[in-house]
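Please read it alongside the sequence and the coordinates.

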Amino acid sequence: MTYGDAGKGKTVAKVPRFAILFSALRGRSGGSFGRDVLAGVTLAAITIPEQIATARLGGFEPQVGFYAFIAATLGFAAFGASRVLTAGADSTITPLFAGLLAALVAAGTASLESAAVALALLVGVMLVVCGALKLGWIAHLLSTPVITGFIAGIAVHIVVSQLPGLLGIVETEGSLIQRVVGIIHHLPAINPWSAGIGGGVLALMLISEKISPRIPGALIGLIAAILLSLVLGLEQRGVGVLGTLPRGLPQFAFPAMNDWAQLVPVSLIVTLIIMMQTAAVSHSFRTEGAAPDVNRDFIGIGAGNLLASVFGAFPVNASPPRTGVVVSAGGTSQWVALTAAGFILMLALWGGALLAHVPQAALAGVLMFVAKRIFQYETIVKIARESPVEGGLVLLTIIAIVLLPIQTGAAIGIGLSLLHGVAVYTRTSPIVLHRLPGTTIWWPPGRAGIGETVEGITVIAFQAPLLFANAEAFKAGVLRIIEAAEVRPSLVVIEASSIVDIDYTAAQALLEVVDYCHEHQVQLAISRLESVRAQEAIQRFGVLAKLGPDRLFHSVNEALIALAPDAAAES
């Protein structure tokens, strides 16, 4: 793949297919490999505690998080485009499917492992298909307010789910409200050692982040917590620990379950969130001199999910903070993530005993830090201040995610985002343009009222795509403007520079406007229909044939010269 135009007369060498597959492994220079390996060590130090904590968040054994990262790294390195994007177990999507998988297990229809494999398989297939069909635009279906509210709601769920472990108290089952009530009820039974360890790890991570994001505060905190647990005998003081992890390679659990249909809705939501986050990472951390290839990155993340299913893990996602660490550490290729994956594989195979004494409160502290990082308070305040309506969208999405099952809340958030987008077009109405004195420019009158009208001429603009959602408003608005004129205009010009598309419903509305003008002896013309799609639409739907091909102009003034020369001469 090349970017830019090849020079004339130059021979472009054919790139081998295998080189394209692994192009993300190339660094900027031959001397970058050593720097990438060192950056990989830094990435591993930050990734290890996060993958353990995220696996625990989903109800899985810690080593499953390791294999999720390894699978995501291998899949993306082979098929992804970005040289620096890193993927793995992600706390943004894990709460989305954790509850459903637990419910399937409780109902006895599947094991946790087989349900996770099935979900990762579904998500992987969907991502690969979306990438292959170049459906990157789907990642933009969610507006920033809805995304912000969704992530904030997830942060609330993380905090509530981890508080019992951090405080060393009994965890209450049920809805989020029931769990909050349970936490309040058990507050007198707080284990001060657990609370101290969890709070200490959280504080250490916050301080480390202030100094430099490259400092592995989580790993330092876990090591300190292990040492304290051993030296002070905290297990005998009621502090829960991970225990010895099983050794060996993961076992593939074939998803022989009868509830695949129940996984499809949540897999669709998870896929959309992954696409949104992957697109954001691809654009935010783009390689110098190359445009991001989001669709290929979708295929890379999809391959990572397919491998995760083979490894007996759960769905994986692109990680903005870990990718930021790769960039700040000077990483230039996927060798960074592969190096980190190598260290994590060794830990998964032979280092289980090292993690046996990790206090669960320390992992809760790690996830508390993650929740703090993804709860974008400043963005929420900014949206509410600058756009109160969209601030309401943030609040509604948070409430839906917090009070309803997460999958239901996410679906409502997606619906709110789409409704908001449709509402923007639905509220669009035709406006009358005035001519700026002494010019041929027609412009909205504005607050100052600058502009002049021309007797017998009405110029109408519609500043949105002409679609089913606003077709009736367009037709009614145009007819209202014509009928409200003191003197019925002899010529109406629709200034169509903002009409980038026209669908079937809108074309029928436009045909009705043409019929109305013909019936009332009003000349109708369209100017500045610049969109190729819109031009093809008016021809395909018969609008141009009824309007007349001589009624399509490059500018309003050109229409006036042709159809009302006296009015044009005034300028």
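Among contacts (heavy atoms within 4.5 Å) in the protein chain between residues at least 6 apart in sequence, 81% join residues at least 24 apart. This is a predicted model, in which local features need pLDDT of at least 70 and side-chain atom pairs count only at pLDDT 80 or more, while totals for chains, interfaces and linings use all residues. Residues are numbered from 1 along each chain as its sequence is written, and side-chain values use heavy atoms, with hydrogens and water left out.

**Overall chain**

- The protein chain has 571 residues, of which 51% count as buried. Buried means under 20% relative accessible area, exposed means over 50%, and partly exposed lies in between (1.4 Å probe, protein chains only).
- The secondary structure comes to 23 helices and 8 strands. Helices (H or I, at least four residues) and strands (E, at least two) are DSSP runs, numbered from the N terminus.
- Taken along the principal axes, the C-alpha atoms of the protein chain fill a box of roughly 95 × 70 × 50 Å.

- In soluble globular proteins, nonpolar side chains tend to be buried together.
- The largest nonpolar core has 104 residues, and F60, F97, L101, L263 and F314 have the most contacts inside it. Helix α10 gives the most to this core, with 11 residues.
- A nonpolar core is a set of buried Ala, Val, Leu, Ile, Met, Phe, Trp, Tyr and Cys residues joined through side-chain atoms within 4.5 Å.
- Leaving out residues up to four places away in sequence, L263 touches L100, L101, L104, A115, A118, L119, L122 and M257.
- A second, separate core has 34 residues, including A471, A507, L529 and V543.

**Helix pair α5 and α10**

- Helix α5 (residues 112-132) and helix α10 (residues 260-284) have axes that come within 9 Å and cross at roughly 50°. Axes are lines fitted to C-alpha atoms, for helices over the stretch in contact, and angles run from 0 to 180 degrees between N-to-C directions.
- The two helices α5 and α10 are therefore oblique to each other. Angles under 35 degrees count as roughly parallel, over 145 as roughly antiparallel, 65 to 115 as roughly perpendicular and the rest as oblique.
- The crossing of α5 and α10 is right-handed. A crossing is right-handed if the near helix is turned clockwise from the far one by less than a right angle, and left-handed if anticlockwise.
- On the α5 side, the residues in contact are A115, A118, L119, L121, L122, V123, M126, L127 and C130. On the α10 side they are W260, L263, V264, V266, S267, L268, V270, T271, I274 and M275.
- By class, the contact of α5 with α10 has 17 nonpolar, 2 polar and no charged residues. Here Ala, Val, Leu, Ile, Met, Phe, Trp, Tyr, Cys and Pro count as nonpolar, Asp, Glu, Lys and Arg as charged, and the others, Gly among them, as polar.

**Helix pair α6 and α15**

- Helix α6 (144-167) and helix α15 (residues 377-386) pack at an angle of about 140°, with their axes 10 Å apart.
- This pair, α6 and α15, is therefore oblique, and its crossing is left-handed.
- T144, P145, T148 and A152 of α6 meet T379, I380 and I383 of α15. By class, this contact of α6 with α15 has 4 nonpolar, 3 polar and no charged residues.

**Buried helix residues**

- L96 is found in helix α4 (residues 94-106) and is buried, with a relative accessible area of 0%.
- Not counting residues up to four places away in sequence, L96 touches F150, V266, I269, V270, I273, I406, Q407 and A410. L96 and A410 are 314 residues apart along the chain, and their C-alpha atoms are separated by 8.1 Å.
- I52, in helix α2 (residues 32-57), is buried with a relative accessible area of 0%.
- With residues up to four places away in sequence not counted, I52 touches P62, F66, L242, L355 and L363.

**Positive phi outside glycine**

- K134 lies in the loop between α5 and α6. Phi of K134 is near 55°, a positive value in a residue other than glycine, and at 60% relative accessibility K134 counts as exposed.
- R528 lies in the loop between β7 (523-527) and α20 (532-540). R528 is not a glycine, yet has a positive phi of about 55°; at 34% relative accessibility, R528 counts as partly exposed.
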